[in-house]
Amino acid sequence: GGTRRVSTVGRSVGSQEPMLSGSLFKYGPRSPNVAFKHGTHPRHVLVVGGLTDGLFATRWVEPLSRALESEGGVSVVQVLLSSSHSGYGTSSLDQDAEELEELVRFLQAEAEADYGIVGHSTGCQDAVRFCRRILRAQSVPKPSFVILQAPVSDRESLALTSQTTKNIDLARELMTKSQGEEVLMPLSTQEDGSPITARRYLSLAAKGGDDDMFSSDLKDAELDTLLGHMAGIPTLVLQSGADEYIPHVTVDATSNAERLAKAMGGEHDTATAVTIDGGSHALEDHTEVA
């Protein structure tokens, strides 16, 4: 989610910037495959940011890391993926899921212990896709919990921008002409200047795109298909009541979060929805609440 968001992790001028001590390590073969761990406990919480994010994806990462390390006996691992920073436009959810699996395999090789995932924005789609991948392959243990913070629809957010319809048409035209080869959209497509392929643009902006799993107009059966595999994994849908990427005129944030939780909980009823009233996409003004 949050397609056009530029990450703002610093605090106000004159106040302390986020800072943590820990270990920086490489977990996979690609150059961006680096992660940072705060704490030395074998149990981990993986923090997965959204589009344009890197380390310290949100302001709540630092206090969460400190609290879990000192009070919960849990290490927090912030992960960099090939899609981090400006790489999201030439990556995909499937690649993110593959790299998250590599991270979990690396951590499990060090110590077989429980882990959870906290996804922010598109990190929520990543968490859902990762769970589907590993449940099908039975490749690594499943997470003991998943928290989805600000799961929003890129498609509904992008629909607020006048150029989106033209860009979707252009992306489809480029896909047709390229005959399956990857082709880049014009550099002006993304406000943050990131390069983006026609395939990834359609994934984010078009109905039925790969990233389209939280939209309010999806039918119950569609949500069950997209999210039903989460049943049995305790999941918290943590919605921001004033998320700037939700078109609040047409979408009720709270009721949509409840629909997502219902689809994820299934017959096991293992998913819960909580809305933070007045919370923004990254909960900048609600760090303590988060």
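Colleague: Which side chain does a polar contact join to that of Glu-173, and at what distance?
Modeller: This is a predicted model, where local features need pLDDT of at least 70 and side-chain atom pairs count only at pLDDT 80 or more, while totals for chains, interfaces and linings use all residues. Residues are numbered from 1 along each chain as its sequence is written, and side-chain values use heavy atoms, without hydrogens and water. A polar contact is a pair of N or O atoms within 3.5 Å; within protein, one must be able to donate a hydrogen and the other to accept it, and residues adjacent in sequence count only if both atoms are side-chain atoms. The partner of Glu-173 is Lys-177, at 2.9 Å.

Colleague: Is Glu-173 buried or exposed, or in between?
Modeller: Glu-173 sits in helix H5, residues 164–178; helices (H or I, at least four residues) and strands (E, at least two) are DSSP runs, numbered from the N terminus. Buried means under 20% relative accessible area, exposed over 50%, and partly exposed in between (1.4 Å probe, protein chains only). Glu-173 has 40% relative accessibility, so it counts as partly exposed.

Colleague: Now a strand: which residue's backbone nitrogen does the side chain of Ser-75 reach?
Modeller: Ser-75 belongs to strand E4, residues 75–79, and is buried because its relative accessibility is 0%. Leaving aside residues up to four places away in sequence, Ser-75 touches several residues, including Lys-37, Gly-39 and Val-45, where contact means heavy atoms within 4.5 Å. At 2.7 Å, its side chain reaches the backbone nitrogen of His-41.

Colleague: Why is H7 called oblique to H8?
Modeller: Angles under 35 degrees count as roughly parallel, over 145 as roughly antiparallel, 65 to 115 as roughly perpendicular and the rest as oblique. The axes of H7 (residues 220–227) and H8 (residues 253–265) come within 8 Å and cross at roughly 55°. That angle makes the pair oblique.

Colleague: What is the phi of Phe-56?
Modeller: Most residues other than glycine have a negative phi. Phe-56 lies in the loop between strand E3 (44–48) and helix H1 (61–72), and counts as buried because its relative accessibility is 17%. Although Phe-56 is not a glycine, its phi is positive, about 50°.

Colleague: And is Gln-138 buried or exposed?
Modeller: Gln-138 is not a glycine either, and has a positive phi of about 50°. Its loop runs between helix H3 (122–137) and strand E6 (145–149). With a relative accessible area of 63%, Gln-138 is exposed.

Notes
Axes fitted to C-alpha atoms, helices over the stretch in contact; angles between N-to-C directions.
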